[in-house]
Amino acid sequence: MTSSPGACDDPPALLAAVSSRPAKPGSADGCRRSRHDAFRGRAEHCPLRPRTASNDPGAREVSWEPVIGLEIHVQLKTRTKMFCRCPAGFGAGENTQTCPVCLGFPGALPVPNRLALEWVVKLGLALGCEIAPRAVFARKNYFYPDLPKGYQISQYDLPSCISGKMLVPLPEGDHAVGIVRAHLEEDAAKNVHVGGRTGRIGGAEHTLVDYNRGGTPLVEIVTAPDIHSAEEAKRFLQLLRQTIVELGISDAEMEKGTLRVDANVSVRPAGTDELRTRCEIKNMNSFTHIARGIEAEVARQIGVWESGGEVEQHTYDFDVATGTLTPRRAKEEADDYRYFPEPDLVPVEPPAEMVERLRGELPELPAARIRRIGELLDHERALVLVTGGLERLWEGTVAAGAEGVAASNVISNQIVGAGVDPSVVEPAELAKLVAARERIPRKAFDEAISRIGEPGFTADPFLAQEAVSDTAALEPIVDKILAANPAQVEQYRGGKDGLLGFFVGQVMKETKGQADARAVNELVRAKLGA
Amino acid sequence: MSALVDTARLTAENAIALVERGEISAAELHAAYLDAIGERDGELHAFLRTVAEPEGASIPIALKDVISTKGVETTAGSRILAGYTPVFDATVAARCKASGLTLLGKTNTDEFAMGSSTENSAYGPSHNPWDPSRVPGGSGGGTAAAVSGGLAPWGLGSDTGGSIKQPSALCGNVGLRPTYGTVSRFGVVAFASSLDQVGPVAKTVRDTALLYRIISGRDPADSTTVDLPSPVELPQGERLDGVRIGVPRQAVALEAIEPGVRAEFERSLELAAELGAEVAECDLPLSFDYGLPCYYLIAPAEASSNLARYDGVRYGPRSEGATYREMVERTRDEGFGAEPKRRIMLGTYALSAGYYDAYYGQAQKVRTLIGREHAEAFEQFDVLATPTSPTVAFPIGEKAADPLAMYACDLLTIPSCLAGLPGLNVPCGLSDGLPVGLQLIGPQFAENTLFRVGYALEQALGLDLVPGRLR
């Protein structure tokens, strides 16, 4: 067979093409490891592209573009589990939240949680997905002690939600991230490996299983490989998390494991649209770690290609402490999950009226609000307010007369810094403080902020305090500070403008926060400029 | 106390009447059956265990050992569940109890209901009350032998490809495999979920209908169940005017049907015509050509998954092993008998990557066609009739070493099971002193029609179905 221009005829492209075949039920390249590729099913397999960049060490230097897809597991906060009536809570005594169904006793049968079926549709709508008129649960078969039935019930080739898109507002404009699918499944139980050195199964003396978590409802969201930097991944996840939290379907907390993210990472020469072999990174427990993990993996892969090697498909754990990637032990045999439709359940056919009702009930989503508030403030401030759950307070405070940027700064910095719950703050009182923040003593302002969440709080006593702005009173103090720090004065005069804040801070400290910051600022600047 | 009643002959309906009239108490009746079991079950081995203390105010019932019974060991005829005592009742067991029925005991079954003779039970075979050197059929041979041997007035079986109908035929009982979805599977040890159905085994058609009334209807714990579109009627008419009976040409053409079986079957069709039915041949080519191979892909595929939970981790015996994997492998190797192992391997293969489309996927398509073929037949007929089993009860050991010969026992019962349709076995004669069964198949939810036809034939035939040895 002769190859035509642009055909998949070099090894890296061929690898990508092979792994992106649409999966069939029961095929070895099924869901768990390669769903990211397996379900893409688009025409990226065999792109027309220049044949410049390659792993040929002699080739000219190329810049590399990361290609990132995410698999996100979200634990729904339904009161009961996915297929039984056991409480789905967190933190109860081991194996106290179990029943014959979630323990896989003989003859026990699953009954789907109606609310979970509704919530996955709600999430799908928020992610711009098509809602499948018929979704089917399948059995994913494998043996593991945390899997009581010997199979996991999970939607497979007919998921509830497909073909969505999330627009992530970025400073330079919206970035679209495709949502390949969002589907429902049940969580596994928790193995506790006892003895041995690592706390992992290898070398452990025995394993205990806590089935409380087993059977709790999960939604798995799979994105298209539309993300091209660690920062974009982080922004996307922040927005996704906020969307999920606002829909009220999950707490989505990475520390508690109610939000889990795996990243599929590959790199390609910038400007091409090829897909090279990807690796999966797991075990990252915060957005920052995800970004660091992706960065480390991108760097590793670029290193491999540029040194003439070839990236091999593998799964890595990200070690937070060292910032390094550890390969998982390769399995001896390929997984074959023998998926087939779960005969104990009937297909899920959400009524059109329900879908439309849920569509009508969708709140204004965070992305839209970031865009709207961004136009009033700026993108960064809007992002912080919205993803921090702060913009309702900001809107109230502005409505009560505060200036927007100042209100945003006070809320995002002082209110958050003081650990005050923004939902209990009275916006009108906050607006008064924002307006007076440069007039009253810093100490009074800080105290007011720290107490603003208390019931019946009023700003008035704090507003009555006046900061010392009298030049005559401040001048000796400023002189004293400047005299005490000759080296810094020298540096400032040499052009290190940033030291202004240092002097102001020293004066504020000296006056125990009673000085008017603006007055001190002007005075210091004037003195140093002299 | 057994002198109070003749358990070999007493129907459930008459037993209920005796209890309601106060002529015998529920406890006395229960004891009478326990006495009969004490006398005859040494030979028949219909029961794996009995329950001495009756709870309930009505008559006793025997339950196949795949049905979970709270506080009473439930093994599904397997070593891998030895000592397993459920903490909950299967819905059918709970419904029986709610009707006042007393649990007499748990009956023998081929391991995980896989077999046609009970010879695959890990606890030894049951014996046919008509001739204890012969099998009672299977997998529900225990219940069938108990009912026909006068050890229980009635009982429940489970039917995946014929496990109620075939043993009923071989033991001379009436047995119903209901429409898929009309009886809850919750708490019934699963063999092949898309095929398993629980159903009644009794001495008469009316008893069968009565028990079906007790156990049927939607169960919130089983998502695949529905409510009956119309209530169960106890049959009473003796005529069959206007009833159209179809006889699948491909079924009666099977060479495997013994002459004696064929003769009794044909005589019952003539009788049906005399009672006013219109009897005509019909065609179901796919069903009888492909039904068996289709079934032996789908059922083992589902079984391979359903039996994965027996891993020694949470219940049942556990074999020692240095690692988790070794422990599971040894537990399953020592716990499962040859037939479950054979089917687990078959099913695992059929679902494997690269083979799914050719085997499981293809079988599902054939299954759809078989359903369609039956639906078309029911545009012209009210019921279809075939012999239930190609043979009468065969000697113990005759087919035990030949799985394919054993699988062929269900040639006639399997197609309608794949189509999810109800089937009733009605005894229609004796061949060499052994019962012959007539299988009546109806469209979905047509149990009342089956009862009506079965009852009319039962009355017209007037067979004495007490095994000669017990008369």
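Tutor: Happy to! In this predicted model, the axes of helix 16 and helix 17 of chain A cross at roughly 125 degrees and come within 10 Å.

Student: Is helix 16 of chain A parallel or oblique to helix 17 of chain A?

Tutor: Angles of 65 to 115 degrees count as roughly perpendicular and those over 145 as roughly antiparallel. The crossing here is at roughly 125 degrees, so helix 16 of chain A is, relative to helix 17 of chain A, oblique.

Student: Which helices of chain A do the buried residues of helix 16 pack against?

Tutor: Those buried residues are A:Phe503, A:Val504, A:Gln506, A:Val507 and A:Met508. Their packing partners in chain A are helix 12 (442-451), helix 14 (471-484) and helix 17 (517-529).

Student: Where is B:Leu228, and is that residue buried or partly exposed?

Tutor: B:Leu228 sits in the loop between helix 6 (205-215) and strand 7 (244-248) of chain B. Beyond its neighbours within four places in sequence, B:Leu228 contacts B:Thr182, B:Ser216, B:Gly217 and B:Phe445. A buried residue needs 20 or more C-beta neighbours within 10 Å. B:Leu228 has 18 inside 10 Å, so this residue counts as partly exposed.

Student: On the side of chain A that touches chain B, how many residues are nonpolar?

Tutor: Contact between the two chains involves 29 residues of chain A and 35 residues of chain B. The residues on chain A's side divide into 6 charged, 7 polar and, for the number you asked about, 16 nonpolar.

How values were computed. Residues numbered from 1 in each chain as written. Chains lettered and ligands numbered in written order. Predicted model: local features only at pLDDT ≥ 70, side-chain atom pairs only at ≥ 80, totals over all residues. Contact = placed C-beta atoms within 7 Å. Nonpolar A, V, L, I, M, F, W, Y, C, P; charged D, E, K, R; others polar. Buried ≥ 20, exposed ≤ 12 C-beta atoms within 10 Å, placed from the backbone. Helix = DSSP H or I, 4+ residues; strand = E, 2+ residues; numbered from the N terminus. Axes fitted to C-alpha atoms, helices over the stretch in contact; angles between N-to-C directions. Parallel < 35°, antiparallel > 145°, perpendicular 65-115°, else oblique.
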